[in-house]
Amino acid sequence: MEQQHIGNFSTEKTMGTGATFAMWLGANVVVTTILTGMFLVPALSFIDTFWLVFGGSAIAIIPLILIGLMGQKTGFATMTLAQVTFGRLGGRVPALVNMCSLVAWSWIQALLAGMSLDYAVHSLTGFSCVPLFTILCEGLVVLIVLRGHKGIETTEKIAAVLMLILAAAVFWALNRYYPIGAVFRQPAAGGLSAGTALDIVVATAFSWIPLAADYNRHCKTVKAAVWGTWGGYVAATCIAMGLGATVSALSVYTGMEVTYDPTRLLANFGFGLPAALVVFFSVLTTNVMCVYSATLSYMSIRQQSGFVKPALVIGLISILGSLIPGILERFQDFLLVIGSIFIPAFALMIVDYYLLPKQRADYQQLHSEKPLLAGWRVSAFVCYGLGAALAYYWNWISPLAIGASAPVFLITGGLYWLYRYWRSRQHG
C-alpha cells in the first residue's frame, strides 16, 4: 500500500475502481438527490426527466473527475490545490467559502437524518423527539469522521450495498401495489423549463466538486479515479433522482398532498419505515463526507491545525444549524447558490492544471512548508468575480433557457485561459 505524508495530511492509496465506485454511489444515493428528482416531476414528464438526468449527470460529472484526478496525481485535498490558482493566501478564500457551504449542507443532512430516525422510532415505539435524534445522528457522523478516510471508505461500501437493496425494495413495492405505468404516461404540468431543470442537475454534480480531490487522492490508479467516479455518480444519480421522480409522479396521480419530505410521502404509500431507513443511511453517508471535507478545508486555512478539534466543532455547528426553521424549503435555491459560488472557481483550477503546462511546476511548491507561491493571484479573482457575476445574472435576473452552470463554467475558464496565454506571450 502506497503511503505518503503531505504537510499535515496523510495520503494512502487504498481505493481501487470498485471502492471508488462504492464511494460515489453511497454518497449520491441520498435524500437530497431524491429531493431533486421530486422537484423535477411533475413539472416535466418522467421520460424527459430521466433522459435529462442521465445526460446531464454523465457530462456534468467531467469537471468533478478532472479535479479528483488532480488529487490522485498530486496527493493534495481540493482546497490545498486551490492555492496554486488563487495564491498561497488567496486560496484561503475559496477554502473558507467551501467550509461554510459544507456546513450548510451538513445542516440539511443532519435535520433529515434526525427526522428519518424519529419517524422510524416513532413508528415502532410511539416516542418522538426530532432534536434528540438529530443530535444522535450527528454524533455518529462525528465518530465516523474521526476515523479518517478509512472509516469513511468502510461506511460508504456498507451504505452503497444497503442503499441499493433498500431502493430496489421500494421500487419493487411501488410497482407491485401502484400503477407504475401511469408514471410514464403522465404529461408535464409545466412551471419549470427544461433549461432550469438541466441547470439543477448540473449544479447537483458541480456541488460535489469541492470534495473530489479530498477522496480521489486515495485512488490507486487513474482508471479508478476516472471510471469509478463516473460510474458511481451517474448510477447513483439515476437511481436517486429516478426514485424521487417516481414517488412524486405517483403522489400527483393518486391525489396526495405535495411534500418535500420523502419519508412522509412514502409513508402515504405505506412504506414509511423502509423510507425512513433509506433516508437515514443515505443522509448519514453524505453528512460524513461533508463534515470530513469541511474539516480538511479548515486545515488548508490553518495548516498547522490538528484534525480532531475542528471536526468536533463543525459537528456541533451542524447540529445547531439543523434547527433553522424552513431550511428544507430553500433547498433548490441553495443548489443554485452553490453553483454560482463554485463553478467559476473550479473552471480556473482545471485550466491551470490541464491547459497551462508551465503551471504544473507550481503544484510541487505545495510540498514545501513555505511554498514559493504568490500571496494573491489577482487575475484569478478578477476572472472568478466575472464568472460569479454572470452566474448571478443568469440565475436570478435574466435566466437562460439552457441554464447558467455550463455557460458560466465555459466562459470563465475560456477568459482565464486567454488571459494566461496572453501573459505568457508577453513574457516570451
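Visitor: How many nonpolar, polar and charged residues are in the lining of the largest pocket?

Guide: The lining has six nonpolar, four polar and five charged residues. Ala, Val, Leu, Ile, Met, Phe, Trp, Tyr, Cys and Pro count as nonpolar, Asp, Glu, Lys and Arg as charged, and the others, Gly among them, as polar. Please note that this is a predicted model, in which local features need pLDDT of at least 70 and side-chain atom pairs pLDDT 80 or more, while totals for chains, interfaces and linings use all residues. Residues are numbered from 1 along each chain as its sequence is written, and side-chain values use heavy atoms, without hydrogens and water.

Visitor: What makes a space a pocket?

Guide: On a 1 Å grid over the protein atoms alone, a pocket is an open set of points with protein on both sides within 12 Å along at least five of seven lines; lining residues have an atom within 4 Å of a point. The largest pocket holds about 400 Å³ of space, a volume being the space filled by probe spheres set on the points. Among its 15 lining residues, Lys358, Gln359, Arg420, Arg423 and Ser424 are the closest to the centre. Helix H18 (residues 405-426) gives the largest share of the lining, six residues.

Visitor: Why is the pair of Arg420 and Asp352 called a salt bridge?

Guide: The term requires a side-chain nitrogen of Lys or Arg within 4 Å of a carboxyl oxygen of Asp or Glu. Arg420 belongs to helix H18 and Asp352 to helix H15 (residues 331-355), so the pair ties together parts 68 residues apart in sequence. The structure holds one salt bridge.

Visitor: Why does Ala104 count as buried?

Guide: Buried means under 20% relative accessible area, exposed over 50%, and partly exposed in between, with a 1.4 Å probe and protein chains only. Ala104 has 14% relative accessibility and therefore counts as buried. This residue is in helix H5.

Visitor: How do you know that the span of helix H5 is close to the expected one?

Guide: Helices are DSSP runs (H or I, at least four residues), numbered from the N terminus. The expected span is 1.5 Å times one less than the number of residues. Helix H5 (residues 92-125) has 34 residues and reaches 48 Å from first C-alpha to last, close to the expected 50 Å.

Conventions. 1 Å grid on protein atoms, 1.4 Å probe; cavity = no way out; pocket = protein on both sides within 12 Å on 5 of 7 lines; lining within 4 Å. Helix = DSSP H or I, 4+ residues; strand = E, 2+ residues; numbered from the N terminus.
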